[in-house]
Amino acid sequence: MKVRSKLYLLASMVFGVMVIMNLSLFWAYYHIDEALQRDRYIVGVLKSVSGLSHQLRSVIDHGEAQAFVQWQQEQDGLQLLLTDMPDFSPKLSGLLKSIEQRNRGIVSLFQHLESQQINKAKKQRTRIALHLADKAFFQMEAIREDGFHLLALSRAEIEEVILVQAFSFIGVFILVTLMMSVVAVRLSGEINRSLRRLIRGLTVAGKGAFDTEIPEYSDDEIGELAHHFNKMLARLKTTTVSRDKLRSLVDDRTKELQRLTETDTLTGIANRRYYDYHLAEHIASSKRNKSSLAMLMIDIDFFKGYNDGYGHDAGDLALKQVAESISKILPRETDVVARFGGEEFVVVMPATEISGACLVGERIRLHIRNQGIPHLYSEVDKVVTVSIGVAAFKSDMLTEINLLKQADAALYEAKKNGRNQCVVHDDGSYRVV
Amino acid sequence: MEKRTLLTSLFFAGIIGLFLVFKVDLPSTSPELKSVSISVSRTPLSAPVYVADELALFQVNGLDVRLTEVVGGKKSFEQVMSGQTDFGTSSDSVLMFGGLEGADYINIGSFVQADNDIKLLVREGLHVSSIRELAGKRIGVTKGSASDYFLSLLLALENMQVDDVELIAMSPDKMLDALEQNLVQAVATWEPYVFEIKKHMADKVDVIPTRNIYSLTFNLITKKTKQGLASDTYERFLSALNQAIAFISEHPKQSQDILKKRLGLDQDFISWVWSDYLYKLSLNRSLLLSIENQARWAIDFGLVDSREIPDFNEYINKTPLQKIKKNAVSF
């Protein structure tokens, strides 16, 4: 059932309850009014009987002619009342019939009283007349008794009617309210459960879990809402995957770009940019770890002559071969070789003492020489050779400036000493390795 | 507890609560039955007793009642006084005669009134157009009964004395034969004997119109010094009669059927007399006044030898009826 229909149902039930309550009230009013009408009728009869009794006393005690007339008028009034009775319960109508019967008796007695000349003075009346008079009085008394009994019963009936109406009203009210409560709680429970499922699903989806599917149990508006949310989540999921891919692509491209900007295109090793960017990191790491950092400055001997003599293409090839040779010799992955510029290379070796750096430097020199790349334009040898400057500092003395400066100074010494050698800056002096 | 189960439980608790609010009576276990007996006069006046017996209302009220049918309230009164039965049904006239004789009875409630139960039947051929023409005739009457008082009243209204006619004492069941055999020329008696005589003799007998002359009541009586009756027996009996009277007012057709069955009567009779009887339980001052009035009459017009009117208030016990139906007692 649609939510709207459920709400209409609830509203209809409230309206229905109001109608039932109003009908109950009208019904109660009708019955109570009927009972009150009967009560007023009985009071009218009693009043008439009281009037008759008074007139009878006047007739019997005083024998007044006027009293006869008035008595007859009262009697006519009572007869009229008794013939126009409203509907009474069998119990009450029995008492009214008794009043009627006794009244007929009085009328008959009165006729006999008249024939007995009741209008004579009391002491002149016959025994019969006196007895008939007595009889008339006790008949009147009997009528009055019936009348009061009737009134008491009528009042009791009114109380009963009121009580029944009141209890019926309360009973109907409680019953209908209970039924409505059950229906309202059931309907609201259904709506609430549907909304809760929706909220749970949206909460999970809000945290990025677009794989969530909100249950579509109800076929109402909330179920429709859940269905459309699921469609939206599916689209979001698709979009999120594309974004992630894009991000991944961008990341890859960024890394590629970074790699390209930090790589020497000719030799494929790191370039000066990489050396500048990452040296500070190596220095900081060495300080943190309290280890030394070594640097090798490597320069190809008489490379200008090589370029001039063999051409730039051969020169590029030689550079590549030298870079490859250096990379091959480096013992660890953490050791970095970068093309410093032109025919100059720098090697940074973390956690390396001076002796280790000298060893590596000498091996590099020897390996390059042993490559046997012809270099007829060299004044040192007939093959390509390199000069290497080695410097190493412990962490407490380490700065970017003094490391590079010392390595470069050592290279200069190597060049000055005749090239094709590895010179180390060691404790303020230079020596060949 | 699940919310649905809780609500359902509350709903049914509400229904049970309504049930208790309306105080639906659950049946209670019936008490042990007390055995009593009643002499009931065979007349439509005794309808509440017959209906109570037929519907087992006596048992409902804890009584095991043995009914003994008699002809007339005087016979019933005599059986109670002689101790043959515990209860009896008698007219106020019988109670008046009994009181004047100093009988040891107690009236615990009137249960019917009628203004046309007692009638005067006259043999056709007498050409009686008024009561005066009965002077010197033989008239059958049940002495010491309502018909005795009724006839006296009828005669007095025509300025006649009882001595102006010849009264022949007989019970109502003998009156038909007496009329047929011309042993009497008229009879004063009550239903259903009037109907039976009229039915049997048809045009040979006339019923003189006497409605409204005499309104009688029928009463439940017991012996004042009755031993062995439990204190609440009167209330139980009256309660059964009260329920029977309620049934009669609500189910007249069924009540008439019961009466026909018990008295062996037909629908013609019931249709003829039913509207004359008003069944109601009461004990009013007007009854006392009526009996006193009848007693003065009986003394003044020589129906009895007694000269003193007793205190008829002493022959009434209003306590049991007050417990059953307070509004029915007006002393």
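Biologist: How many aromatic pairs does a search of the whole structure find?

Modeller: This is a predicted model. Over all chains, the search finds 21 aromatic pairs. One of them is formed by Phe87(B) and Phe237(B).

Biologist: What makes the pair of Phe87(B) and Phe237(B) tilted?

Modeller: Take the distance, then the angle. The ring centres of Phe87(B) and Phe237(B) are 4.5 Å apart, and a pair needs centres within 6.5 Å. The planes make 35°. Stacked means under 30 degrees and edge-to-face means over 60.

Biologist: Now the sheets. What is the strand order of the open sheet of seven strands in chain A?

Modeller: The order is β1-β3-β4-β2-β5-β6-β7 (chain A), and the pairing is mixed.

Biologist: Why are β1 and β7 of chain A said to stand at the edges?

Modeller: β1 (270-271) and β7 (429-432) of chain A each have a single partner strand, so one side of each has no neighbour in the sheet.

Biologist: How do you know that β2 and β5 of chain A pair?

Modeller: Count the bridges. Pairing takes at least two. Strand β2 (residues 293-300) and strand β5 (residues 386-393) of chain A have eight bridges, in the antiparallel sense. The two strands therefore count as paired. At one bridge, Leu293(A) has Phe393(A) of β5(A) as its partner.

Biologist: Which helices pack on these strands?

Modeller: Helix α8 (residues 312-329) of chain A lies across β2, β3 (336-341), β4 (344-350) and β5 of chain A, at about 10° to β4(A). Helix α9 (residues 354-371) of chain A touches β2, β4, β5 and β6 (422-426) of chain A. The direction of α9(A) makes about 170° with that of β5(A).

Biologist: What about the sheet of five strands in chain B?

Modeller: This sheet is open and mixed too, in the order β7-β6-β8-β5-β9 (chain B). Its edge strands, β7 (166-169) and β9 (205-208) of chain B, each pair on one side only. On average, neighbouring strands are turned by 30° against each other, direction ignored.

Biologist: What makes β5 and β8 of chain B a pair?

Modeller: Strand β5 (residues 118-123) and strand β8 (residues 186-190) of chain B run antiparallel and are joined by five bridges. The cut-off is at least two, so they pair. Leu120(B) stands opposite Ala188(B) in β8(B). Helix α8 (residues 193-201) of chain B packs on this sheet, touching β5, β8 and β9 of chain B.

Biologist: Why is one space called a pocket and another a cavity?

Modeller: A pocket is open, whereas in a cavity a 1.4 Å probe fits but cannot get out. The structure holds five cavities of 30 Å³ or more. The largest cavity has a volume of about 150 Å³. Among its 18 lining residues, the closest to the centre are Arg102(A), Gln113(B), Thr217(B), Ser286(B) and Leu287(B). α4(A) gives the most to this lining, with four residues.

Biologist: How much space lies in the second largest cavity?

Modeller: About 100 Å³. Its 15 lining residues have Gly73(B), Ser91(B), Ala146(B), Trp190(B) and Phe218(B) closest to the centre. They divide into seven nonpolar, six polar and two charged.

Notes
Residues are numbered from 1 along each chain as its sequence is written. Chains are lettered from A and ligands numbered from 1 in the order in which they are written. This is a predicted model: local features need pLDDT of at least 70, side-chain atom pairs count only at pLDDT 80 or more; totals for chains, interfaces and linings use all residues. Side-chain values use heavy atoms; hydrogens and water are left out. Contact means heavy atoms within 4.5 Å. Axes are lines fitted to C-alpha atoms, for helices over the stretch in contact, and angles run from 0 to 180 degrees between N-to-C directions. Rings of Phe, Tyr and Trp (its six-membered ring) pair if their centres lie within 6.5 Å; planes under 30 degrees apart count as stacked, over 60 as edge-to-face and the rest as tilted. On a 1 Å grid over the protein atoms alone, a cavity is a set of points where a 1.4 Å probe fits but cannot get out, and a pocket is an open set with protein on both sides within 12 Å along at least five of seven lines; lining residues have an atom within 4 Å of a point. Grid points are joined across faces, edges and corners, and a volume is the space filled by probe spheres set on the points. Ala, Val, Leu, Ile, Met, Phe, Trp, Tyr, Cys and Pro count as nonpolar, Asp, Glu, Lys and Arg as charged, and the others, Gly among them, as polar.
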